[in-house]
Amino acid sequence: MRHLLSMADLDRDDIERLLNLADSFAEVGERQIPKVPALRGKTIAWLFYEDSTRTRLSFETAAKRLSADTMNFSVSSSSVNKGESLRDTVETVAAMGIDGIVVRHHGAGAPHRIAEWTDASVVNAGDGWHQHPTQSLLDLYTATRRLGSLDGRRIAIVGDIKHSRVARSNAIGFATMGAEVTFVGPQTLLPPSLEGWPVKVTHDLDEVIDEVDICYLLRMQLERQEQAVVPTLREFHEEYGLTTARADRLREDALIMHPGPMNRGVEIAGEVADRPNAVITEQVTNGIAVRMAVLYLLLGSGLDLVDTREAVA
Ligand code: CP
């Protein structure tokens, strides 16, 4: 594997290998000096055409912990503002000598195009509504660490599914790991067609809330909506939000997950996001180890890696 563009490119063995390696890198993060020389001499460029807090900081931390050099690119202060195209920008950055590009772009498929224009390994850090594979991998890692095997586990992915690359990535990721995925949302927040998707669908959160192992809330993506898709945010919260009353109905060992950033009081009640079974900050912490594993496997020894001990030594 040279690029990480979509969860659809990974089979169960690939995911398990990544999660196992992430486990080794999580141990590195607990050391007094959380750094290994695994990617010394490698250079990674960040191309973030959309805002990010978690993904960008997490990738930057992961790269530093692997001793990689990084090249920061900020769209707001770059020649993109003078009209430079994506292709010219990528070729310019690549001409400076890079081994990897981590890209977030509003256009679905942009990372796939970039992979055609450069010899560097490309990691998709979110493309439009399409995919966010490292978010899915860190979610799988967090869920597996908490629950063990995901075979037969039930996950409800709730809310604004239509505009969510996280929902699309996690539907594939959790299904590949043997879980049963249910999308929960109003018709207006579901994609027009779910043919071929490994998911069930319901419009009634109360139908599934008592039985799920994971209740995964999605951010209401107001910036991607061209027209009102719910009557009011208060009504959406009552119908589809994880309210205090619904959270009380979850099984004791059920996890509450959210990719962030959260709209407290919309998809999740503020108080519920701080409960002990809400693992939202744990997802963020785990993201560093998972992204270390991704960068190492793409830029280090590759997926054929037999012995990962050298990476964490
Ligand atoms: N979950 C996620 O992608 O968050 P950011 O947009 O802050 O990177």
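**View 1. The loop between α2 and β2, with S67.** S67 sits in the loop that connects helix α2 (54-65) with strand β2, in what is a predicted model. The phi angle of S67 is near 65 degrees, which is a positive value in a residue other than glycine.

**View 2. The open sheet of four strands.** In this sheet the strands follow the order β2-β1-β3-β4, and their pairing is parallel. The edges are formed by β2 (69-74) and β4 (121-127), each of which pairs on one side only. From one strand to the next, the twist averages 15 degrees. Within the sheet, strand β1 (residues 43-48) pairs with strand β3 (residues 100-105) in the parallel sense, and the pairing extends over five bridges. For F48, the bridge partner in β3 is R104, a residue that is also listed among the surroundings of the ligand. Helix α10 (residues 280-299) lies across β1, β3 and β4, and runs at about 150 degrees to β4.

**View 3. The open sheet of five strands.** Here the order of the strands is β7-β6-β5-β8-β9, again with parallel pairing. Strands β7 (199-202) and β9 (255-257) are the edge strands, and each of them pairs on one side only. The twist in this sheet averages 20 degrees from one strand to the next. Strand β5 (residues 154-158) and strand β6 (residues 180-184) are joined in the parallel sense by five bridges, and R154 has E180 as its bridge partner in β6. Helix α6 (residues 165-176) lies across β5, β6, β7 and β8 (214-217), with a direction at about 160 degrees to that of β6.

View 4. The residues around the ligand are S52, T53, R54, T55, R104, H132, Q135, P259 and G260. An N or O atom in the side chain of S52 is 2.6 Å from an oxygen atom of the ligand, and for the side chain of T55 the corresponding distance from an N or O atom to a ligand oxygen is also 2.6 Å. In the side chain of H132, an N or O atom is 2.9 Å from an oxygen atom of the ligand. On its own the ligand has 250 Å² of accessible area, and the protein covers 91% of this.

**View 5. The peptide bond from G260 to P261.** This bond is cis, with an omega angle near -5 degrees.

**View 6. Confidence along the chain, and residues 302-307.** The protein chain has a mean pLDDT of 94, and 95% of its residues reach 70 or more. Over residues 302-307, however, pLDDT stays under 50, and the model has 10 contacts beyond four places in sequence for this stretch. Where pLDDT is low, predicted coordinates should not be read in detail.

Conventions: Residues numbered from 1 in each chain as written. Predicted model: local features only at pLDDT ≥ 70, side-chain atom pairs only at ≥ 80, totals over all residues. Heavy atoms only, no water. Pairing = 2+ DSSP bridges. Helix = DSSP H or I, 4+ residues; strand = E, 2+ residues; numbered from the N terminus. Axes fitted to C-alpha atoms, helices over the stretch in contact; angles between N-to-C directions. Contact = heavy atoms within 4.5 Å. pLDDT = per-residue confidence, 0-100. Near = heavy atom within 4 Å. Polar contact = N/O pair within 3.5 Å; in protein donor to acceptor, adjacent residues only side chain to side chain. Areas by Shrake-Rupley, 256 points an atom, 1.4 Å probe, with all protein chains shown as cover.
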